[in-house]
Amino acid sequence: MTGGMLLSCKNDIESIKALSEGANMPVLTARNFESQYTDSGKLKVIFIAPVAERYVIKGGKSTYYEFRDGMEIRFYGTDEKLESVVTSRSGEFIEDENLGIARDSVVAKNVRTGEQLNTEELFWNRQDQTIYSNVFTKITNDDGVFFGEKGFISDQNFENYKLIGSSGTVRVKDEEIE
């Protein structure tokens, strides 16, 4: 019994485009990524990640970044002093929406007050300069531990926040009674 097989290869532009359109491959990969955002010449944000991948979607009309190996975002006040820091194990930044998303073991800390927020997902709206979450959030400060069962909302410097569906334990100082 004899068998035969005929193979043919054809590399035309349309075939390559059809194959690559289905694949979601980064158009840029950067290691030891650092990006600074300024407004009117003043430092507002420094973004740091071990690896950043940039993707283009919707026919080149929209772009986003993925940070699979973790990220750190540093927010600065009007005096360009460090106000708060957000870290997470992964995240994204969607350029067209000015929206950052931190996921997995998210920690936000107000550098001046020492207040710390822990959650599993955090959104940063660069245009509104707010951070928020829609999932369980824990905030620890000198007064106690507070929980937002349905998240929280705050300014990006983590100074003025509101817990949603809140509960907590408040520390009360004993005073001497005469």
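Me: Where is valine 27 placed?
Reply: Valine 27 sits in the loop between helix H1 (13–22) and strand E1 (28–39), where helices (H or I, at least four residues) and strands (E, at least two) are DSSP runs, numbered from the N terminus. This is a predicted model, in which local features need pLDDT of at least 70 and side-chain atom pairs count only at pLDDT 80 or more, while totals for chains, interfaces and linings use all residues. Residues are numbered from 1 along each chain as its sequence is written, and side-chain values use heavy atoms, with hydrogens and water left out.

Me: Does valine 27 count as buried or exposed?
Reply: Valine 27 counts as exposed, because its relative accessibility is 52%; exposed means over 50% relative accessible area, buried under 20%, and partly exposed in between (1.4 Å probe, protein chains only).

Me: New topic: what is phi of glutamate 80?
Reply: Phi of glutamate 80 is near 65 degrees, a positive value in a residue other than glycine. Most residues other than glycine have a negative phi. Glutamate 80 lies in the loop between strand E4 (71–76) and strand E5 (82–88), and its relative accessibility of 37% is why it counts as partly exposed.

Me: Where does asparagine 98 lie?
Reply: Asparagine 98 is in the loop between strand E6 (90–94) and strand E7 (99–110), and it too has a positive phi, of about 50 degrees, although it is not a glycine. Asparagine 98 counts as buried because its relative accessibility is 18%.

Me: Last one, what pLDDT does the protein average?
Reply: The protein averages a pLDDT (the predictor's confidence in each residue, from 0 to 100) of 83, and 79% of the residues score at least 70. Over residues 3–11, however, the pLDDT is below 50, and beyond near neighbours in sequence this stretch has zero contacts in the model, a contact being heavy atoms within 4.5 Å. Where pLDDT is low, the predicted coordinates should not be read in detail.
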